[in-house]
Amino acid sequence: MSEISVEITGLKKSFGSLDVLKGIDVTVNRGDVVCIIGPSGSGKSTLLRCVNLLEEPNDGKIVVNGVELTDQDVDIDLARTKIGMVFQSFNLFAHLNVLANLTVAQRKVLKRGEKEAQEIALRNLDRVGLKEKANSMPAQLSGGQQQRVAIARALSMDPDVMLFDEPTSALDPELVGDVLGVMRQLADEGMTMLVVTHEMQFAREVADKVIFMDGGYIVEEGPAAEVIGNPQETRTQEFLARVLDPTHHGPSDPV
């Protein structure tokens, strides 16, 4: 039986009077890649941000690797060190070179020495194909390279789970492939990953499970071949028709 890495039950989140998550249940097994798809405003990014408590849930329970993050007595800073997060924007420190960007949290949070932190940083830069950029400043890198550096930075904290919030949405189309290639490699290595994405081909090829969200609910979930290849719910079918065929116009679409 697979070991559960992330377990979310009854998760609710609202911003003022706006209910964004309306009772979400998700189970992620260790080593699985779960892709979360859906229209803008469906709650995908909020769900991801709740997993490491960047957003505080109004209700529900979140357990990551046996630690309940929603327990008020939990050491959230310690728990967060095992959860890597990669955002749409790269969030690199502009005044630090690439190597320093990868070592600062290792030294401050994990209390690693400079030499060890640099060795780990260089190893992870090598994993994402950017070891030769260690002394470059972020402004000298393309968007795709900056995002790969951000992935290497997260990996340098030795996370058990990686969260990706639309990691390619801010990139020029020709740079997307390099970032997705790194994510494919992580999946092959057995990293547990939750990925909010619009990249349907990536989801189809890499995901062990796809979750389709709309209006704060999980509408459909299952293997990628089923959810993307043969969706059962009308709402999923409508969404995928639009995403996979931009020329498609449903009955409610202005032509």
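The centres of domain 1 and domain 2, taken over C-alpha atoms, are 26 Å apart. The domain bounds come from an automatic or database domain assignment. Domain 1 covers 1–82 + 161–172 + 183–254, and domain 2 covers 92–158. Their contact (heavy atoms within 4.5 Å) takes 11 residues from domain 1 and 11 residues from domain 2.

This is a predicted model: local features need pLDDT of at least 70, side-chain atom pairs count only at pLDDT 80 or more, and totals for chains, interfaces and linings use all residues. Residues are numbered from 1 along each chain as its sequence is written, and side-chain values use heavy atoms, with hydrogens and water left out.

Now turn to the sheet. Six strands form an open sheet, in the order β6-β7-β8-β3-β9-β10. Its pairing is mixed. Strands (E, at least two residues) and helices (H or I, at least four residues) are DSSP runs, numbered from the N terminus. Two strands pair if DSSP finds at least two bridges between them. β6 (83–86) and β10 (217–222) stand at the edges with a single partner strand each, so one side of each has no neighbour in the sheet. From one strand to the next, the twist averages 15°.

Look at one pair. β7 (residues 161–165) and β8 (residues 192–196) run parallel, joined by five bridges. Val 161 has Thr 192 as its bridge partner in β8. Helix α6 (residues 173–188) lies across β3 (33–37), β7 and β8, and runs at about 145° to β8. Axes are lines fitted to C-alpha atoms, for helices over the stretch in contact, and angles run from 0 to 180 degrees between N-to-C directions.

Next come the pockets. A pocket is an open set of points on a 1 Å grid over the protein atoms alone, where a 1.4 Å probe fits, with protein on both sides within 12 Å along at least five of seven lines; lining residues have an atom within 4 Å of a point. The largest pocket holds about 620 Å³ of space. Volume is the space filled by probe spheres set on the points, which are joined across faces, edges and corners. Both domains give residues to its lining, so the largest pocket lies between them. Of its 19 lining residues, Arg 80, Ile 83, Met 85, Ala 105 and Met 157 lie nearest the centre. α3 gives the largest share of this lining, four residues.

The second largest pocket has a volume of about 150 Å³. Its lining includes Leu 53, Glu 56, Pro 57 and Gln 72.
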